Amino acid sequence: MAKILVTGGTGYIGSHTVVELQQSGYDVVIIDNLANSSEKIVEQITKITGIKPEFHKMDLCDRNKLFTFFENNKDIKGVIHFAAYKAVGESAEFPLKYYYNNLFSLVNLLEAMQKAECNNLVFSSSCTIYGQPEELPVSENAPIQQAMSPYGNTKQISEEIIVDQTKTSSLHAIALRYFNPIGAHKTALIGELPLGVPNNLIPFVTQTAIGKREKLRVFGNDYNTPDGTAVRDYIHVVDLAKAHVVALERMSSKKSESKFEAFNIGTGNGNSVLDVILTFEKVNNLKVNYEIVERRAGDVEQVWANTDKANKVLGWKTELGLDVALQSAWNWEKNLEKGILE
Ligand code: UD1
């Protein structure tokens, strides 16, 4: 069983990826500083898979601890790096917090990997690096646009740092550029766990439906889209998690065509905010209280993925639709309300 390190493994996408890795036969070690997650997620993962992943509460910015960890774990065959701050609005308010955390942790990790001769990295990137693309669906060779937020900029700079490192070391890396991950595991034992008021659409929808929030605000209905609301590519988090396993296998079986590769990880379909709300209402047989308000600063009008490269080259495609994702998100919210994590 190859041993894989997952940084940020108790977070939303990280925890779903740990489950998929374990179910594919990998031995998983998690490092997480719990800045935006809970150690209880380790138990939840164990409930799903029957295997307790090794867990280390550690901050990747702590170089010495990280280097010691790698010295003691020389058998790690690959790293999936999720650990990072991800709130777009907060990053505009506290840019240095984002640059410090997201970039120093990456530099430390790359250095530790090089010392330990651990040469396979999957990096958690984002479609935010494309900004508002001129051509839709957007493909991997679309120009990278000036970042709209410090958060987005950390993803751009991180990819550049990784590219440079692959040029001068034995590192192979795959950047997965996520579109909008949503939903939860079908067991409803893990899911998205927003701290405080959610920024993202789906947790706001589920919290409004359950009565934690009075009203969902739809940010703008005057976009140049079929119903006037903004369009995104919403991908089930379990499909997204599986892409990481495939990416890792691509590198370990030496199939990469170059030392750095990037893939769009989306469904290839665009859905508007209203599509999402109406589908959520329909599949869960309930009503969501919402109102149309002004556009949110920094939002792009529409973006969805060209997934040809991921489908053909990576050999991965989505299996779960928007309806399944929105049912699973609701089941997770109901479990949270029941106090599943308390
Ligand atoms: C943003 C980032 C993305 C990042 C993700 C994680 C950009 C372009 N995208 O995605 O890179 O990985 O956050 O946090 O910066 N909406 C509402 N009401 C709400 C919340 C959202 O109408 O209460 C709308 C938004 O205007 C948007 C859509 O729902 O049109 C999706 O929003 P959200 O879930 O926040 O994701 P993005 O902004 O697309």
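**Sheet, ligand shell and selected residues of the predicted model**

Strand 6 and strand 11 pair in the parallel sense, with six bridges between them; pairing requires that DSSP find at least two bridges between two strands. Helices (H or I, at least four residues) and strands (E, at least two) are DSSP runs numbered from the N terminus. The structure is a predicted model, in which local features need pLDDT of at least 70 and side-chain atom pairs count only at pLDDT 80 or more, while totals for chains, interfaces and linings use all residues. Residues are numbered from 1 along each chain as its sequence is written, and side-chain values use heavy atoms, with hydrogens and water left out.

Strand 11 is mostly covered, six of its six residues being buried; buried denotes under 20% relative accessible area, exposed over 50%, and partly exposed the range in between (1.4 Å probe, protein chains only). In a regular strand the side chains alternate between the two faces of the sheet. Phe260, Ala262 and Asn264 point one way from strand 11, whereas Glu261, Phe263 and Ile265 point the other way, and all are buried.

The sheet to which these strands belong is open and consists of seven strands in the order 3-2-1-4-5-6-11, with parallel pairing. Strand 3 (54-57) and strand 11 (260-265) are the edge strands, each pairing on one side only. From one strand to the next, the twist averages 20°. Strand 4 (residues 76-81) pairs with strand 5 in the parallel sense over three bridges, and Ile80 has Val122 in strand 5 as its bridge partner. Helix 6 packs on the sheet and touches strand 5, strand 6 (172-178) and strand 11, its direction making about 155° with that of strand 5. For such angles, axes are lines fitted to C-alpha atoms, for helices over the stretch in contact, and values run from 0 to 180 degrees between N-to-C directions.

The loop between strand 5 (120-126) and helix 6 (150-168) contains Ser149. Ser149 counts as buried because its relative accessibility is 8%. Its side chain reaches the backbone nitrogen of Gly152 at 3.0 Å. When residues up to four places away in sequence are not counted, Ser149 touches Val88 and Ser91, contact being defined as heavy atoms within 4.5 Å. Pro137 is also found in the loop between strand 5 and helix 6, and a cis peptide bond with omega of about -5° joins Leu136 and Pro137.

The ligand has 20 residues around it, of which Leu201, Arg217, Arg232, Arg296 and Asp299 come nearest; a residue is near a molecule or strand if one of its heavy atoms lies within 4 Å of it. Strand 8 supplies the largest share of this shell, four residues. Helix 7 (201-210) and strand 8 (216-219) each contribute at least two residues to the shell. Polar contacts are pairs of N or O atoms within 3.5 Å; within protein, one atom must be able to donate a hydrogen and the other to accept it, and residues adjacent in sequence count only if both atoms are side-chain atoms. A polar side-chain atom of Ser126 lies 2.9 Å from an oxygen atom of the ligand. For Arg296, an N or O atom in the side chain is 2.9 Å from a ligand oxygen atom, and for Lys86 a backbone N or O atom lies 3.4 Å from an oxygen atom of the ligand. The ligand taken alone exposes 740 Å², and the protein buries 89% of that; accessible areas come from the Shrake-Rupley method with a 1.4 Å probe, and for residues only the protein chains shown count as cover.

Gln207 is located in helix 7. With a relative accessible area of 5%, Gln207 is buried. Neighbours within four places in sequence aside, Gln207 is in contact with Pro194, Pro198, Lys212, Arg213 and Glu333.

Most residues other than glycine have a negative phi, and most peptide bonds are trans. Leu34, although not a glycine, has a positive phi of about 60°. Leu34 is placed in the loop between strand 2 (27-32) and helix 2 (40-49) and is buried, with a relative accessible area of 18%. Ala188, likewise a residue other than glycine, has a positive phi near 55°. Ala188 lies in the loop between strand 7 (180-182) and helix 7, and counts as buried at 7% relative accessibility.
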